[in-house]
Amino acid sequence: MTTQQSAAVPEEPVVELGKPDEFEQRPHREIRMVMVGLVITMLLAMLDNLIVGTAMPRIVGELNGAEHMSWVVTAYTLATAASTPIWGKVGDLYGRKGSFLVSIAIFLLGSALSGMSQSMTQLIAFRAVQGLGAGGLMVGVMSIMGALVPPRDRGKYQGMFAAVMALATVGGPLIGGFITDHLNWRWTFYVNLPLGAIALVFIVVVLKLPKVRSNAKIDYFGAALLTVGIVAAVLVTTWGGHEYAWGSKQILGLAALGVASLIGFCYVEQRVAEPVIPLQLFRNRNFTMVSIIGFIVGFSMFGAVTFLPTYQQIVQGASATNSGLLLMPMMFGMLVVSLAVGQAITKTGKYRIYPIIGTAVMAGGSLLLSTLAVDTGKFASSCYMVVLGAGMGFLMQVTMLVAQNSVEMKDMGVASSSATLFRTIGGSFGVALFGTLFVNQVNGSVKHLPPETLARMAQQGGGGEGMSAMNPATMKSLPPEAVGAYQHGIANGMHTVFLWGAVISVVAVAAALFIREVKLRGGADAAEAKAEAAMEGAL
C-alpha cells in the first residue's frame with residue numbers, strides 16, 4: 001500500500017521507510033511561511049483549555065451539568081494523551097503532512113461540534129473528538145519542524161514557539177473571559193475555526209515534504225495497550241484524592257490495569273515490525289535522559305501554573321480577573337532565555353551545557369518559591385517566578401531538539417510524540433501529587449477552627465477537600481481568624497509543593513549530567529554529525 005503525502009507536487013522525491021533522508025536545504029522564505037501555519041496550530045493547541053476553563057462556569061450553568069464539569073476537561077485530556085504517540089507513528093509511516101492536516105481537521109470538527117452542544121453529554125463526547133485531533137497538533141508541529149530545519153539551525157526559529165507558549169498562557173484566560181462576557185460561551189470553541197482554516201491553507205499551499213512509501217502496518221494491538229495504560233495513568237492522577245481516595249479499589253484497580261497494560265505493551269513492542277514507540281530508542285543515552293528531563297519539566301511547570309495563581313489571589317490579594325497576567329514573570333523568564341539559548345545553539349552547535357544549567361536553575365527557582373509566606377511581597381515572588389521560568393527556558397526547546405537529533409529522520413514523529421507524551425504525563429502526575437500535598441497542608445492549617453466555621457468553608461470551597469478551591473469573594477463572609485488560618489494554609493501548601501519540586505528537579509540535574517555532546521545534524525558538520533549520532537545509538 002502506498003500513501004502519498006503531497007499528491008499535488010509530483011516533483012517531490014519519494015522516500016522509502018527505513019532509508020533515512022538527509023535534510024534538504026530550503027529557502028528561509030519558504031520555512032518562514034510554513035512557520036506561520038505551525039505557529040497558528042501550536043497556538044490553537046495551547047489556547048484551547050485555557051480559554052474553555054474561563055468559560056466553564058457559564059457553560060455548566062446553561063447546560064445544567066455541574067456534576068459532570070470535570071469530565072469536560074478530562075475527556076479532552078485523555079483523548080489528547082492517548083492519541084499523541086499514535087499520531088507520531090502514523091506521521092512516520094504514512095507522511096507527516098497528511099497526518100498533520102487530518103489532525104487539524106479532526107480538531108476543528110470537534111471544536112464546531114462542541115460549540116453546538118445542547119447537553120453536557122454531547123459536550124463531553126465532542127471534547128473527546130477535539131482531544132483526538134489535539135493529540136496530533138503538537139506532535140505535527142514539532143515533527144514537521146524537525147523534518148524541515150536541521151537541529152543545528154533550529155535556534156533561529158524556536159523563539160517563536162517560546163513566544164507562543166507565553167502568549168497562550170497569559171492571553172488564554174483573558175480571551176476566554178472576554179468571549180464569555182461579550183459574546184457567548186460557544187465562541188470559545190468557534191474561535192478555533194478561522195484560525196484553524198488559516199493554518200490549513202498555509203500547510204496545504206506552502207509545505208512540501210517528501211512523499212513516504214511504506215508497506216508497514218500500524219501495530220494496532222500495541223497502540224491499544226499503550227492507550228489503555230495512558231488512560232489508566234491519567235485517570236489515577238485525575239481522580240486520586242478527589243473523586244476517590246488513593247487507597248480505594250477504583251484507584252488501585254486503575255493503577256493495576258495501567259501497569260499491566262504498559263508491561264504488555266513493552267512485551268508486544270519487542271516483537272512487531274513497526275512498534276508504536278520503538279523501545280530501542282531508549283538505548284540511546286541522550287534520548288532516555290531528555291525523556292526523564294521532559295517528564296520532570298512537565299511535573300514542575302504544571303505544578304507552578306496550577307498553584308501559583310491560588311497563592312497570588314488568596315494570600316497576596318491579586319485580582320482573579322487577569323489571572324493569566326499573574327504568570328507573566330515566569331513566562332518572561334522562559335521566553336528571554338529560550339530565545340538566547342536558541343541563538344547560541346545555532347551559532348556554536350553546542351547544547352550539552354544548557355540542560356545542566358536549566359535543571360539546576362529550575363531546582364533553584366523551586367527552592368526560592370518554597371520560601372513563599374503570608375508576608376512575601378509581590379516583587380519578591382515575581383523574581384522567584386522569573387528564576388523558575390528561566391530554568392524552563394533552558395529546557396523546553398532543547399529537550400525536543402536533543403530527542404530529535406538522537407533518532408533517524410524516519411523516527412522523527414515518534415521522537416516528537418514521545419517527548420510530548422513524557423511532558424504531558426509528567427504534568428498529570430505533578431498536578432496530582434502536588435494537589436494532594438497542597439490540600440493536606442491547607443486542611444491541616446484550618447482544622448483547629450470551630451466546627452461551624454469549617455462547615456461554612458467546606459461548603460463555600462466545594463465540600464471536603466474542595467475547601468482549597470475557595471476564592472477571595474467567598475472568603476469575605478468568614479471571620480478574620482478563619483481567613484488568617486486559610487492564608488497560612490495556602491502558604492504552607494506552597495512551601496511543601498515547591499520544596500518537593502526542588503527535590504524532584506535534582507533528579508533532572510543528574511539526568512542532564514549524563515547527556516553526551518553529539519554534533520547537531522545540519523550545517524557544515526552534517527556528515528560528521530550523522531556518523532557520531534550513529535555511534536551514540538550503538539553505545
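These are my notebook entries on a predicted model.

**Ground rules.** I number residues from 1 along each chain as its sequence is written, and side-chain values use heavy atoms, with hydrogens and water left out. The model is predicted, so I take local features only at pLDDT of at least 70 and side-chain atom pairs only at pLDDT 80 or more, while totals for chains, interfaces and linings use all residues.

**Overview.** I looked up secondary structure and found 18 helices and 2 strands. Helices (H or I, at least four residues) and strands (E, at least two) are DSSP runs, numbered from the N terminus. Of the 539 residues, 57% are buried. I use buried for under 20% relative accessible area, exposed for over 50%, and partly exposed for in between (1.4 Å probe, protein chains only).

**Contacts.** I took contact as heavy atoms within 4.5 Å. Among contacts between residues at least 6 apart in sequence, 82% join residues at least 24 apart.

**Helix 8.** I checked the length of helix 8, residues 220-239. The expected span is 1.5 Å times one less than the number of residues. For its 20 residues that gives 28 Å, and the end C-alpha atoms are 28 Å apart, which agrees. Just after the helix, Gly-241 has a positive phi of about 80°.

**Aromatic pairs.** I searched the whole structure and got 9 pairs. Rings of Phe, Tyr and Trp (its six-membered ring) pair with centres within 6.5 Å; planes under 30 degrees apart are stacked, over 60 edge-to-face, the rest tilted. One of the pairs is Trp-185 with Phe-189, edge-to-face at 6.3 Å and 85°. Both residues are buried. Phe-282 and Phe-422 have ring centres 6.1 Å apart and planes at 85°, so this pair is edge-to-face. Phe-282 sits in the loop between helices 9 and 10 and Phe-422 in helix 14, so the pair ties together parts 140 residues apart in sequence. Phe-282 is partly exposed at 29%; Phe-422 is partly exposed at 27%. I also noted one aromatic cluster of Phe-295, Phe-299, Phe-429 and Phe-434.

**Cores.** I defined a nonpolar core as buried Ala, Val, Leu, Ile, Met, Phe, Trp, Tyr and Cys residues joined through side-chain atoms within 4.5 Å. The largest has 124 residues, with the most contacts inside it made by Leu-38, Leu-308, Ile-490 and Met-494. Beyond four places away in sequence, Met-494 touches residues including Phe-307, Leu-308, Tyr-311 and Phe-438.
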